[in-house]
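Trainee: I would like to learn how to read the features of a structure. Please take me through them one by one.

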Amino acid sequence: MQGFVIQVKDFWPRYWGGVVLFDRSMEFYKALGGGNLLKDKFISGFLFNPRAISNYRRAKAMGVDQNFRGEGETKGGLFIVGKGKSGIAYQFIERNFGDWAPLAEVFEICRRLQNPQESQLGSITLKQQQD
């Protein structure tokens, strides 16, 4: 547990200013993998994966620090959850180590969630233009 606290302190608040929840049973990770953890070995999933190496170099060039703590085999992703019982508005699954959700998509989904009437109006306008 102490290692987890250190990792949270390394991550928060530099990269995330919100609440950090500890998913001890890794249910969110399992949900991303359709009920299973998405895992890959360090050698095959990172060292022999050109995309993962490229992701690492991109993060390094941007000044993102890696601490190489933890088990290093579990992949993650991103859920954006709507208000109330509206459910998951967006899901991104890390296929290669270091994959990031496309920021334009994330911002667009967040904008739509913040202004639901505007996004409904936009889809109505788009549908009318297609007819």
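Mentor: Start with the term helix: helices are DSSP runs of H or I with at least four residues, numbered from the N terminus. Keep in mind that this is a predicted model.

Trainee: In which helix is R57 placed?

Mentor: R57 has its place in helix 4.

Trainee: Is R57 buried or exposed?

Mentor: The general idea is a cut-off: a residue is exposed when its relative accessible area is over 50% and buried when that area is under 20%. R57 has a relative accessible area of 59%, so R57 is exposed.

Trainee: What separates the C-alpha atoms of R57 and G98?

Mentor: A distance of 9.7 Å separates them, while R57 and G98 are 41 residues apart along the chain.

Trainee: How many aromatic pairs does a search of the whole structure find?

Mentor: The search gives 3 aromatic pairs. One of them is F28 with F79, a tilted pair with 5.9 Å from centre to centre and 55° between the planes. This pair links distant parts of the chain, since F28 belongs to helix 2 and F79 to strand 1 (residues 77–81), 51 residues apart. F28 counts as exposed because its relative accessibility is 54%. F79 counts as buried, at 18% relative accessibility.

Trainee: Why is the pair of F46 and Y56 edge-to-face?

Mentor: Planes over 60 degrees apart count as edge-to-face. The planes of F46 and Y56 stand at 85°, with the ring centres 5.9 Å apart, so this pair is edge-to-face. Here too distant parts of the chain are linked: F46 is in helix 3 (residues 42–47) and Y56 in helix 4 (residues 50–61), 10 residues apart. F46 is buried, with a relative accessible area of 14%, whereas Y56 is partly exposed at 27%.

Trainee: Which residues form one aromatic cluster with F46?

Mentor: F42 and Y56 form one cluster with F46.

Trainee: Which residue lies over the face of W100?

Mentor: That is R58, at 3.8 Å from the ring centre of W100. In another case, K75 lies over the face of F97, at 5.2 Å from the ring centre.

Trainee: Which residues make the nonpolar surface patch?

Mentor: F11, W12, Y15, W16 and V20 make this patch of about 490 Å². Y15 is found in the loop between helix 1 (2–11) and helix 2 (27–32). With a relative accessible area of 34%, Y15 is partly exposed.

Note on methods: Residues are numbered from 1 along each chain as its sequence is written. This is a predicted model: local features need pLDDT of at least 70, side-chain atom pairs count only at pLDDT 80 or more; totals for chains, interfaces and linings use all residues. Side-chain values use heavy atoms; hydrogens and water are left out. Patches are made of residues with over 30% relative accessible area and no salt bridge: like charges are joined within 9 Å, nonpolar side chains (Val, Leu, Ile, Met, Phe, Trp, Tyr) within 5 Å. Accessible areas come from the Shrake-Rupley method with a 1.4 Å probe; for residues, only the protein chains shown count as cover. A salt bridge is a side-chain nitrogen of Lys or Arg within 4 Å of a carboxyl oxygen of Asp or Glu. Helices (H or I, at least four residues) and strands (E, at least two) are DSSP runs, numbered from the N terminus. Buried means under 20% relative accessible area, exposed over 50%, partly exposed in between (1.4 Å probe, protein chains only). Rings of Phe, Tyr and Trp (its six-membered ring) pair if their centres lie within 6.5 Å; planes under 30 degrees apart count as stacked, over 60 as edge-to-face and the rest as tilted. A charge sits over a ring if NZ of Lys or CZ of Arg is within 6 Å of the ring centre and within 35 degrees of the ring normal.
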